[in-house]
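Please look over the sequence and the model below.

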Amino acid sequence: MIDESRVGAFLPPGVGADVALAEVRRLRAGDRPTHGGRLFAYVYDPAVPGLDDLAAAAYRESAHVNGLDPTAFPSLLAMENALVGAAGRVLGGGPGTTAPDVVGSVTSGGTESLILAVKAARDAHPEITAPRIVVPASAHAAFAKAAHYLRVALDVVPVSVDTLRPDPAAMAAAIRPETVLVACSAPSYAHGVVDPVAEIAAVAAAAGVRCHVDACFGGWTLPYLRRLGEPVPAFDFTVPGVTSISVDLHKYAYAPKGVSVLLHRDAAGRAPQYFAYADWPGYTMINPVIASTRSGGPIAAAYATLRHLGDAGYLRLAAVTRDAVAGLADAVRAVDGLRLMAEPESTVVCFTATEDGPDLFVLVDELTARGWHTQPQLSYAGLPASVHLTVTASVAPRVAEFGPDLAAAVAAAHAAGPVRLPAELASLVGALTPEALTPEVVVGLAAGLGLGGGADTGAAGPLPDRMALVNTLLDAAPPALRERLLVEFVGLLQRPTWGSDD
Ligand SMILES: Cc1ncc(COP(=O)(O)O)c(C=O)c1O
């Protein structure tokens, strides 16, 4: 017998499976809606009946399989190879193409794919002691994360405020003897525009430097849009000089989260991506990706999703999404006070306010109040604040409802007027430097903004119902202060719950 009074209890007593699941469901009820076409970020919903159940069943089959050792679990190796082969074919590689030797790896997401592209480029040049990468300002933040993690310097090339693209000549000028990688996007996440990939790859090749195309977001849709007749420029392995491409299957391949593919033009390009270690008494470690133990669940779910949807499925979903994008863009054009940041050329609709337009952050709150969850983007380097809509196939049946709600939200935002930061917050943020941010200042700011929940905010969750004040404050701060503030605010939210005696 175990004497519980002596050993104590770390955890509450176990509950029935139904109770545990009910708890998960209760917690989930407070989330943004992952399905139904009203959330324009974070989720990719094709609205294909039965697809979620199929993916969940495949996930369950392989959840406990460990990708650590492909010889122990050949099922996973076979599925990974099939996913890489599929991605290679979608992106212009494989037998009978100009890039027949494409190889790749399955990673956990776009960020991991980009970190590994940078690692492979860095480790291909051990003789370069202070490596650097060149990226457009519109490149995904994951490149900055890669540079930070891998101690690689980041050379950022501005994008034109008109085209939202970098000038290839400026990219060329940024290449130095220590540059190991030049990157571009197809398309960029923020505005959904495709960079001049052919020109950028050409300047990289001329300098003898690798060129990575970040197609994490659009790599699965752009090729299908091209087949539907859209004017999609070449951005894949058909472009000379492109050495690696990333594409996220958990975005427009509509797989559940946790799967991206990093492709290299050939095995030599991929080789420095691996990490192998035999200098310890345990098993010899050989990892193509960052994680060592990896669940087979996401990979099996992605495999089943791809097999089920097939080529015709993705073509149809791209067509449905294209029509939804066109409808949403029309809705934006029809409202006075808004303008598109760029004519849509992928699956993003991004708009900003004209000079006499509404306060965008108030508009975002008004849209939320009407059940439309959009993503505000802060002003940056001459680019105005904007509203981002990631459009997926599930949005199509909703498009007709969006226009009237957008018009009503704009009218309401006009009526409410712009957010004004309370004087003490405005002067604080004006004077504040990241270094001067003490825990007391952070707590005071968070309370002033209604962050962190609690009775005084009136909000059900950790965030206030209206975010315009928070966004206005962040927008007024330079990037380094934004970063510090967000780290501190999220730190306030990430606190352990200790059970009954919280
Ligand atoms: C262009 C691009 N690259 C990289 C990423 C990072 O992907 P993840 O969030 O899967 O790490 C994203 C995510 O939206 C993206 O749009």
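## Basis of the model

This is a predicted model: local features need pLDDT of at least 70, side-chain atom pairs count only at pLDDT 80 or more, and totals for chains, interfaces and linings use all residues. Residues are numbered from 1 along each chain as its sequence is written, and side-chain values use heavy atoms, with hydrogens and water left out.

Helices (H or I, at least four residues) and strands (E, at least two) are DSSP runs, numbered from the N terminus.

## Strand E6

Strand E6 (residues 244-248) is mostly covered, with five of its five residues buried. Buried means under 20% relative accessible area, exposed over 50%, and partly exposed in between (1.4 Å probe, protein chains only). In a regular strand the side chains alternate between the two faces of the sheet. In E6, Ser 244, Ser 246 and Asp 248 point one way. Ile 245 and Val 247 point the other way.

Which strand runs parallel to E6? Strand E5 (residues 210-214) does, joined to E6 by three bridges. Two strands pair if DSSP finds at least two bridges between them. His 212 has Ser 244 in E6 as its bridge partner.

## Salt bridges

How many salt bridges does the structure hold? It holds 19. A salt bridge is a side-chain nitrogen of Lys or Arg within 4 Å of a carboxyl oxygen of Asp or Glu. One of them joins Asp 248 to Lys 251, with the closest N and O atoms 2.3 Å apart. Both of these residues are buried.

Asp 311 pairs with Arg 227, the closest N and O atoms being 2.5 Å apart. This pair links distant parts of the chain: Asp 311 sits in helix H11 (residues 297-333) and Arg 227 in helix H9 (residues 222-227), 84 residues apart. Asp 311 is partly exposed, at 39% relative accessible area. Arg 322 and Asp 323 also meet in a salt bridge, at 3.4 Å from N to O. Arg 38, Arg 398 and Glu 401 are linked in a network.

Arg 132 belongs to strand E2 (residues 132-136). Its relative accessibility is 17%, so Arg 132 counts as buried. Its side chain makes a polar contact with that of Asp 155 at 2.7 Å. A polar contact is a pair of N or O atoms within 3.5 Å; within protein, one must be able to donate a hydrogen and the other to accept it, and residues adjacent in sequence count only if both atoms are side-chain atoms.

Strand E11 (residues 348-353) has five of its six residues buried, so it is largely enclosed by the rest of the structure. Strand E10 (residues 338-340) pairs with E11 in the antiparallel sense over three bridges. There, Leu 340 has Phe 351 as its bridge partner. Strand E13 (residues 386-390) also runs antiparallel to E11, joined by four bridges. Cys 350 stands opposite His 388 in E13.

## Backbone points to check

A cis peptide bond joins Ala 186 and Pro 187, with omega about -5 degrees. Pro 187 lies in the loop between strand E4 (179-185) and helix H8 (197-206).

Tyr 254 is not a glycine, yet its phi is positive, about 60 degrees. Tyr 254 lies in the loop between E6 and strand E7 (260-264). Its relative accessibility is 6%, so Tyr 254 counts as buried. Ala 381 also has a positive phi, near 45 degrees. Ala 381 is in the loop between strand E12 (375-377) and E13. At 63% relative accessibility, Ala 381 counts as exposed.
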